[in-house]
Amino acid sequence: MAATIRMATVADAREVLAIYAPIVRETAITYETEVPSEAEIAGRISSTLEAYPWLCCEIDGRFAGYAYASRFRARAAYQWTAETTVYVADWARKRGVARGLYTSLLESCRVIGYRTAVGVIGLPNEPSVRFHRAMGFVDIGVFHRCGYKFNQWQDAGWYERAIGDREMSPSVPPVLRTPAACTGTAEWQAAVRSGLACVRG
């Protein structure tokens with residue numbers, strides 16, 4: 001088995017959508033209610049990569065899953081916090097793809113300068129809850145009836161974990177770099193590859 005974890009490009013939009021569309025249509029894992037177009041997904045990848053990592057995993061050349069970080073909230077004081085998301089193709093489940101992608105994603109976020117990761121999980125979703133806890137996230141709380149999908153109200157669990165060293169100077173926050181500025185450095189390449197050991201056949 002040959003597995004790779006790499007940065008996404010807009011050319012991955014079709015594969016991303018193939019995983020994401022059934023999740024939108026059939027589950028409350030995402031609160032998105034209409035399946036986006038391939039062009040919309042391409043636009044999301046492009047805009048995300050301006051400030052956050054978006055990673056893909058392939059096994060033997062087959063698209064197995066993807067993970068990305070995104071802005072937590074718009075106000076400037078939140079800029080060192082990123083929300084993290086991962087989705088895995090049905091055929092690739094139980095192969096460590098999610099763990100591998102999240103490991104690489106969190107390391108990539110650390111290299112950029114982010115210091116807190118936030119996960120938001122539509123409840124109930126015990127597999128995702130167990131996964132986030134195993135990845136070092138801790139429960140923060142539940143927003144009750146905060147979403148409406150499939151003709152019923154949905155709850156969302158909130159989880160967080162530190163990224164890298166939180167014992168930083170209170171007066172000098174870390175400088176946030178862009179993925180483009182990091183690409184090509186040995187530290188970035190190691191971060192992107194760091195989750196590969198988790199992926200198995």
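This is a predicted model: local features need pLDDT of at least 70, side-chain atom pairs count only at pLDDT 80 or more; totals for chains, interfaces and linings use all residues.
**The cores**

The largest nonpolar core holds 36 residues, and among its members Cys 57, Val 86, Val 97 and Leu 101 touch the most others. The elements that give two or more residues to this core are the strands β1 (3-7), β2 (54-59), β3 (62-71), β4 and β5, together with the helices α3, α4 and α6. Of these elements, α3 gives the most, with 9 residues. The surroundings of Val 86 can be listed in detail: leaving aside residues up to four places away in sequence, Val 86 touches Tyr 66, Ala 67, Ala 98, Leu 101, Tyr 102 and Phe 131.

**Helix α4 and its buried face**

Helix α4 spans residues 126-134, and within it Ser 128, Val 129, Phe 131 and His 132 are buried. Viewed down the axis of α4, these buried residues fall within an arc of 165°, and they therefore line one face of the helix. In general, an α-helix has 3.6 residues a turn, so residues three or four places apart point the same way. After α4 comes Gly 136, whose phi is positive, near 95°.

**The pair α3 and α6**

Two packed helices are described by the angle between their axes and the distance between the axes. For α3 and helix α6 (residues 186-193), the axes come within 7 Å and cross at roughly 160°. With angles over 145 degrees counted as roughly antiparallel, α3 and α6 are therefore roughly antiparallel to each other. The residues that meet are set out below by helix.

| Helix | Residues in the contact |
|---|---|
| α3 | Ser 104, Glu 107, Ser 108, Arg 110, Val 111, Ile 112 |
| α6 | Glu 187, Trp 188, Ala 191, Val 192, Arg 193 |

Sorted by class, this contact of α3 with α6 is made up of 5 nonpolar, 2 polar and 4 charged residues.

Gln 189 is also found in helix α6, and this residue is partly exposed, with a relative accessible area of 36%. Although Gln 189 and Met 7 are 182 residues apart in sequence, they are 9.9 Å apart in space, C-alpha to C-alpha.

Definitions and conventions: Residues are numbered from 1 along each chain as its sequence is written. Side-chain values use heavy atoms; hydrogens and water are left out. Buried means under 20% relative accessible area, exposed over 50%, partly exposed in between (1.4 Å probe, protein chains only). Helices (H or I, at least four residues) and strands (E, at least two) are DSSP runs, numbered from the N terminus. The arc is that of the directions from the helix axis to the C-beta atoms. Axes are lines fitted to C-alpha atoms, for helices over the stretch in contact, and angles run from 0 to 180 degrees between N-to-C directions. Angles under 35 degrees count as roughly parallel, over 145 as roughly antiparallel, 65 to 115 as roughly perpendicular and the rest as oblique. Contact means heavy atoms within 4.5 Å. Ala, Val, Leu, Ile, Met, Phe, Trp, Tyr, Cys and Pro count as nonpolar, Asp, Glu, Lys and Arg as charged, and the others, Gly among them, as polar. A nonpolar core is a set of buried Ala, Val, Leu, Ile, Met, Phe, Trp, Tyr and Cys residues joined through side-chain atoms within 4.5 Å.
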